[in-house]
Amino acid sequence: MYDGGIYRSEELFELIEDTGGTVIQKTRSSQMLTVTMSIPDGDVGTVSEFCREIGGEVKHVPLAGTEIAVVGPTLGRHHMPHPICDIAEHLRRQGAITVVMGLARGRGKKTAQISLEEKMIIDEYDAAVFSLGNFKTCIEAKTDLFSDIKIPTVLVSGPVPEGIDGKCDAIVSGVGRKASRMRSTSERERLDEIAEKVGMVLSDKKKALDDDPLFIYPAEIKHLLEEYEPVNMCLRPAPVVLHLDGLRIKIGYGEHREAIENMEIYGRKIGDICRLSPSKINDSSIIMRIKTRSEVRHEDEGKAGG
Amino acid sequence: MDIEVIAEDGFGGGSYENLFREIMSDVGKAFHTEKAALVLRPEVPLFVFSVKLRAEPSSKTIADTANIRTEGSITHLTVTDERYAPDILKELWGRFGRDSVEQQTRFDMEVKDVPEKDISSIVIASGEEYLKEIVGAVWRSMPEGIKNRHTYIDGSAVTVVATEERLEPWMLEEGLGYHKKIMGAGKDV
């Protein structure tokens with residue numbers, strides 16, 4: 001991730017392109033610029049040197065190219081903003097795009113619940129971090145909130161819960177309900193641990209994708225989409241967000257599905273190699289899942305046979 | 001502020017002590033609180049937060065919180081209790097208008113053409129409002145899902161008993177016991 005000024009940033013983008021890399025995320029705030037990029041290992045030295053030359057800093061961000069949901073029991077002041085916002089901010093510093101979510105009826109011990117719609121929204125992300133509270137018995141009673149979630153989940157709680165093996169992919173303890181920011185050394189260490197655990201659960205997902213790779217990299221489709229005018233003109237922050245196995249495109253599903261499905265890349269229509277669906281939040285975003293090579297091959301064989 | 005925590009969950013007990021302290025400081029009530037007892041039984045769930053204030057809340061007038069003297073048609077005020085300075089200024093501006101009230105320093109104000117007795121009797125903080133703020137701070141400290149609450153208020157003691165579903169008689173009885181304890185009440189109370 002490059003963090004610096006906009007001075008000579010055009011040259012930086014050209015250099016990234018020359019190395020065969022790609023810009024994952026670009027955020028400009030006044031004269032400052034943050035660029036999350038993916039570049040080949042062999043060119044890291046050259047790009048880092050150039051970034052330093054133009055007065056910026058470069059750091060390795062392990063969560064780049066992922067979108068992570070940080071989920072709290074509610075959006076009430078008891079659960080927000082600390083430590084949920086601290087966790088989300090820390091994950092952003094590690095390169096992830098994050099969203100903060102509160103459940104409609106997640107409060108309480110016996111009355112806490114999650115709806116099917118909420119589960120489906122969370123499943124759109126690469127991973128989810130559930131932040132629960134300070135009491136062991138409450139956390140152990142609230143495992144239904146995340147036990148049916150299909151994506152990797154990390155539970156963040158105060159005490160270490162028992163008897164919840166298999167209901168989440170990782171647990172980080174020592175972070176409960178708080179009324180102030182996580183500033184102390186031990187609290188910063190907890191945040192690092194959360195980012196590390198998120199990286200760990202995502203690496204399992206990456207390994208699965210290595211076994212059966214995607215037909216095309218999400219970043220290549222992002223390049224193509226950026227030339228599509230409605231995406232190019234979209235004023236929403238990060239109009240195209242990379243996922244490990246696809247993308248979130250922040251334009252209307254109804255209006256643009258057909259146009260996107262008919263776009264061509266490497267001689268194939270996107271509709272043939274990806275699945276498009278409206279986001280469960282609302283249909284102003286599109287969720288694109290890229291098929292794996294084996295899936296595409298299987299479909300090709302089916303078509304040839306038929 | 002002395003806080004006694006009665007909890008079996010070690011982590012929860014420590015966290016809620018800090019949480020309570022921070023929230024009472026945030027809402028500016030830590031100074032007014034002499035001691036507090038927090039009973040945390042999440043397994044039931046039952047929570048009893050009992051607070052003993054340094055003094056019984058009563059209505060405060062400007063005369064209680066500022067020195068007042070009159071010279072000719074001008075009444076001079078010197079605020080003696082900093083906490084009430086914004087409330088005094090707000091009341092004076094609201095009643096007599098900004099043209100009649102001049103704030104010379106943070107604590108010194110002048111009011112033109114208003115008799116001293118009309119200024120000194122203005123109530124700037126009511127005891128009821130103060131108690132509401134204390135109860136609000138206690139509710140804010142409690143876990144969010146614990147919505148069924150009963151509040152006991154006697155003099156300078158405030159106790160909130162809360163649970164998630166039904167408030168059973170034994171819960172209220174237990175809460176009342178803690179309330180009497182923090183009041184320092186005798187056996188015949």
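How many residues of chain A are in contact with how many residues of chain B? The legends below begin with this interface.

**View 1. The contact between chain A and chain B in a predicted model.** On chain A, 22 residues are in contact with 17 residues of chain B (contact: C-beta atoms, placed from the backbone, lie within 7 Å). The side of chain A that touches chain B comprises five nonpolar, 12 polar and five charged residues (Ala, Val, Leu, Ile, Met, Phe, Trp, Tyr, Cys and Pro count as nonpolar, Asp, Glu, Lys and Arg as charged, and the others, Gly among them, as polar). Residues are numbered from 1 along each chain as its sequence is written, and chains are lettered from A and ligands numbered from 1 in the order in which they are written. The model is predicted: local features need pLDDT of at least 70 and side-chain atom pairs count only at pLDDT 80 or more, while totals for chains, interfaces and linings use all residues.

**View 2. Helices α1 and α2 of chain A.** The axes of α1(A) (residues 9-18) and α2(A) (residues 44-53) come within 11 Å and cross at roughly 180 degrees (helices are DSSP runs of H or I, at least four residues, and strands runs of E, at least two, numbered from the N terminus; axes are lines fitted to C-alpha atoms, for helices over the stretch in contact, with angles from 0 to 180 degrees between N-to-C directions). The two helices are therefore roughly antiparallel (angles over 145 degrees). A:L12, A:L15 and A:I16 of α1(A) meet A:V47, A:F50 and A:C51 of α2(A). This contact has six nonpolar, no polar and no charged residues.

**View 3. Helices α3 and α7 of chain A.** The axes of α3(A) (residues 84-93) and α7(A) (residues 185-211) come within 10 Å and cross at roughly 60 degrees. From α3(A), A:D86, A:I87, A:H90 and A:L91 meet A:L191, A:I194, A:A195 and A:V198 of α7(A). By class, six nonpolar, one polar and one charged residues make this contact.

**View 4. The open sheet of chain B.** Four strands follow the order β5-β6-β8-β7 with antiparallel pairing (strands pair if DSSP finds at least two bridges between them). At the edges, β5 (66-71) and β7 (101-103) of chain B each pair on one side only. The twist averages 20 degrees from one strand to the next. Three bridges join β7(B) to β8(B) (residues 108-112), and B:M109 in β8(B) is the bridge partner of B:Q103.

Note on methods: Two residues are in contact if their C-beta atoms, placed from the backbone, lie within 7 Å. Angles under 35 degrees count as roughly parallel, over 145 as roughly antiparallel, 65 to 115 as roughly perpendicular and the rest as oblique.
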